[in-house]
Amino acid sequence: MVFLNVKDILAKKNKSKYWLVQQMESDWQSISAMMNNETKGIKYDTLEKLCKILECTPNDIFIFKD
């Protein structure tokens with residue numbers, strides 16, 4: 001199963017969910033759902049924006065667990 005690793009990346013960078021909401025120019029519910037792995041999909045433009053903001057690659061954002 002694929003999971004988003006956004007919460008751990010934010011913790012490593014010492015940033016908050018509130019900070020990410022502001023940087024993404026998005027709403028709280030969307031970011032919260034994404035961070036809690038409650039979303040069914042992610043758009044390429046959202047992924048690109050996340051990578052730029054968090055200074056990482058898609059390989060850092062996606063993790064695989066059985």
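Q: Why is methionine 35 called buried?

A: Methionine 35 has a relative accessibility of 6%, and buried means under 20% relative accessible area, exposed over 50% and partly exposed in between (1.4 Å probe, protein chains only), so methionine 35 counts as buried. The model is a predicted one, in which local features need pLDDT of at least 70, side-chain atom pairs count only at pLDDT 80 or more, and totals for chains, interfaces and linings use all residues. Residues are numbered from 1 along each chain as its sequence is written, and side-chain values use heavy atoms, with hydrogens and water left out.

Q: Where does methionine 35 lie, and what is it in contact with, leaving aside its neighbours within four places in sequence?

A: Methionine 35 lies in helix H3, where helices (H or I, at least four residues) and strands (E, at least two) are DSSP runs numbered from the N terminus. With neighbours within four places in sequence left aside, methionine 35 is in contact (heavy atoms within 4.5 Å) with Val6, Lys7, Leu10, Lys17 and Leu20.

Q: What makes asparagine 5 buried or exposed?

A: The relative accessible area of asparagine 5 is 12%, and therefore asparagine 5 is buried. Asparagine 5 is placed in the loop between strand E1 (2–4) and helix H1 (6–12), and beyond its neighbours within four places in sequence it is in contact with Asp60, Ile61 and Ile63.

Q: Which labels do asparagine 37 and glutamate 55 receive on the accessibility scale?

A: Asparagine 37, in the loop between helix H3 (28–35) and H4, has 32% relative accessibility and so counts as partly exposed. Glutamate 55, in the loop between H4 and helix H5 (58–61), has 65% and so counts as exposed.

Q: Which residues of H4 are buried, and what do they pack against?

A: The buried residues of H4 are Leu47, Leu50, Cys51, Ile53 and Leu54, and they pack against H1, H2, H3, H5 and strand E2 (62–64).

Q: How do you know whether the radius of gyration of the protein agrees with that of a compact globule?

A: The radius of gyration is taken over C-alpha atoms, and the globule rule is 2.2 Å times the number of residues to the power 0.38. With 66 residues, a compact globule would have a value near 11 Å, and the protein has 11 Å, so the two agree. The C-alpha trace spans about 30 × 20 × 20 Å along its principal axes, and buried residues make up 29% of the 66 residues.
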